[in-house]
Amino acid sequence: MTQQRYEQAKQQYAALGVDAEQALRDLEQVSISMHCWQGDDVQGFDSKGPLTGGIQATGNYPGKARTPQELMADIDKALSLIPGKHKVNLHASYAIFEEGEWADRNELEPKHFQKWVEFAKERGIGLDFNPTFFSHPKAAQFTLSSPDEEIRKFWIDHGKACIRISQYFAEELGQPCVMNIWIPDGYKDIPADRLSPRARFKDSLDQILSVDYDRDKVLVCLESKVFGIGLESYTVGSSEFCVNYAAKNGILSLMDNGHYHPTEVVSDKIPSMLLFNDKIALHVTRPVRWDSDHVVLFDDETREIAKEIVRNDALNRVLLALDYFDASINRVSAWVTGMRNMQKALLYAMLTPNKELRALQDKGDYTRLMVMQEELKTYPFGDVWNEFCRRAGVPEKEDWYQEIQRYERDVLLKRV
């Protein structure tokens, strides 16, 4: 039945000049970086302290991963329900230590991530990486912009260590590692000096990037943010700072669509960034009134982000990762929902007659443009998606949730 419905849908899209088979082939090549921190509420394995840096995971749904083994098992379950071949995105706080061993973040080494590399090799997937500049005693106030030179040096050394670990990932797994830098530095109230913290941040980044590394293997990104809990009035890593620093120093800008003012949308920023950058990176999330990191939905902005990537032929230029953490629902289900929704959005964009719509815009036929954009919303996109899942050997439609229920009953609810 799925194949029959797909054949009918393929014909309807063909009448618009859209090749559904090509769309399926293109989507199969897209790798999305799935964030490990959804599985354990951003806790990590290097400390038992509370989350800091404006980060909160709300909810207490049973079954949170407590060990590396449990987190890896949950990642496996999620990936088994998501079509395609993807990557796993790690934070430095997910270092895995041998019994009796521990290293602070400024002393992390590749060996502390060897088990993650073994995990990735066994599954034929890549790893991305993030220094963890939060949830640490030395991150209580500032990190890379700290006026305390001892603290600033600690975090500079952490950044350097993470570049070395990222290159280890790339060399071991045979594919580039995206390493993203974000800091939670800022002020709750109006600062007396906006320049000096950013000057220190700039110097810290300069020192981190002075490490000898292969820029083809390690793709360093810089992520901005408009505000956060405890830094409502000023963030050191503003959009203007991060975009300018990245452009001047030959690294990538990373845009998280929860890190801007509520009236700003990343979908509108993507084409401008593509005009001036060979590659950009995204953290796709769902902000609800602010950067609240809700599970990615198949909603307007996710679809618009995907449209800008696809219609600008930027599938190989935009590095896609997800970033959210919801502890109020089944965590594995949250992964699967968000990843599949990002793929759905990309497929939806691939099934759009973008050239024809662009031609209507260029000749000023806005009436027909609106009609076509609206009518396309009820085309049989879902039948093409189901065929993609069938070919990938994963459940179609909502059928995957039955496996989540079984896994929750047999595995997650036994974690006490």
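Trainee: How many cavities of 30 Å³ or more does the structure hold?

Mentor: The model examined here is predicted. A cavity is a set of points where a 1.4 Å probe fits but cannot get out. Counting those of 30 Å³ or more, the structure holds three.

Trainee: About how much space lies in the largest cavity?

Mentor: Rolling a probe the size of a water molecule over the atoms shows where empty space is left. For the largest cavity, the space comes to about 50 Å³.

Trainee: Is Ser-135 buried or exposed?

Mentor: Ser-135, one of the residues lining the largest cavity, is placed in the loop between β3 (126-130) and α5 (149-173). Its relative accessible area is 12%. Buried means under 20%, so with this value Ser-135 is buried.

Trainee: What is the phi of Ser-135?

Mentor: Ser-135 is a residue other than glycine, yet its phi is positive. The value is near 50 degrees.

Trainee: Where is Asp-313 found, and does it count as buried or exposed?

Mentor: Asp-313 is not a glycine, and its phi is positive, at about 50 degrees. It is found in the loop between α9 (300-311) and β10 (318-322). Exposed means over 50% relative accessible area; because Asp-313 has 69% relative accessibility, it counts as exposed.

Trainee: At what angle do helix α6 and helix α7 pack?

Mentor: Helix α6 covers residues 195-209 and helix α7 covers residues 239-249. Their axes are 12 Å apart, and α6 passes α7 in a right-handed crossing. The packing angle is about 35 degrees.

Trainee: Why does Glu-387 count as buried?

Mentor: Glu-387 lies in helix α13 (residues 381-392). Not counting residues up to four places away in sequence, Glu-387 touches Thr-2, Gln-3, Tyr-6 and Leu-24. Buried means under 20% relative accessible area. Glu-387 is therefore buried, as its relative accessible area is 2%.

Trainee: What is the relative accessible area of Gln-12?

Mentor: Gln-12 is found in helix α1 (residues 2-14). Leaving aside its neighbours within four places in sequence, Gln-12 is in contact with Tyr-379 and Pro-380. Gln-12 is partly exposed, and its relative accessible area is 39%.

Trainee: What distance separates the C-alpha atoms of Gln-12 and Asp-157?

Mentor: Along the chain, Gln-12 and Asp-157 are 145 residues apart.

Trainee: What distance separates the C-alpha atoms of Gln-29 and Ala-192?

Mentor: Gln-29 has its place in the loop between α2 (20-28) and β1 (33-35). With a relative accessible area of 63%, Gln-29 is exposed. Gln-29 and Ala-192 are 163 residues apart along the chain. The separation of their C-alpha atoms is 49 Å.

How values were computed. Residues are numbered from 1 along each chain as its sequence is written. This is a predicted model: local features need pLDDT of at least 70, side-chain atom pairs count only at pLDDT 80 or more; totals for chains, interfaces and linings use all residues. Side-chain values use heavy atoms; hydrogens and water are left out. Axes are lines fitted to C-alpha atoms, for helices over the stretch in contact, and angles run from 0 to 180 degrees between N-to-C directions. Helices (H or I, at least four residues) and strands (E, at least two) are DSSP runs, numbered from the N terminus. A crossing is left-handed if the near helix is turned anticlockwise from the far one by less than a right angle, and right-handed if clockwise. Buried means under 20% relative accessible area, exposed over 50%, partly exposed in between (1.4 Å probe, protein chains only). Contact means heavy atoms within 4.5 Å. On a 1 Å grid over the protein atoms alone, a cavity is a set of points where a 1.4 Å probe fits but cannot get out, and a pocket is an open set with protein on both sides within 12 Å along at least five of seven lines; lining residues have an atom within 4 Å of a point. Grid points are joined across faces, edges and corners, and a volume is the space filled by probe spheres set on the points.
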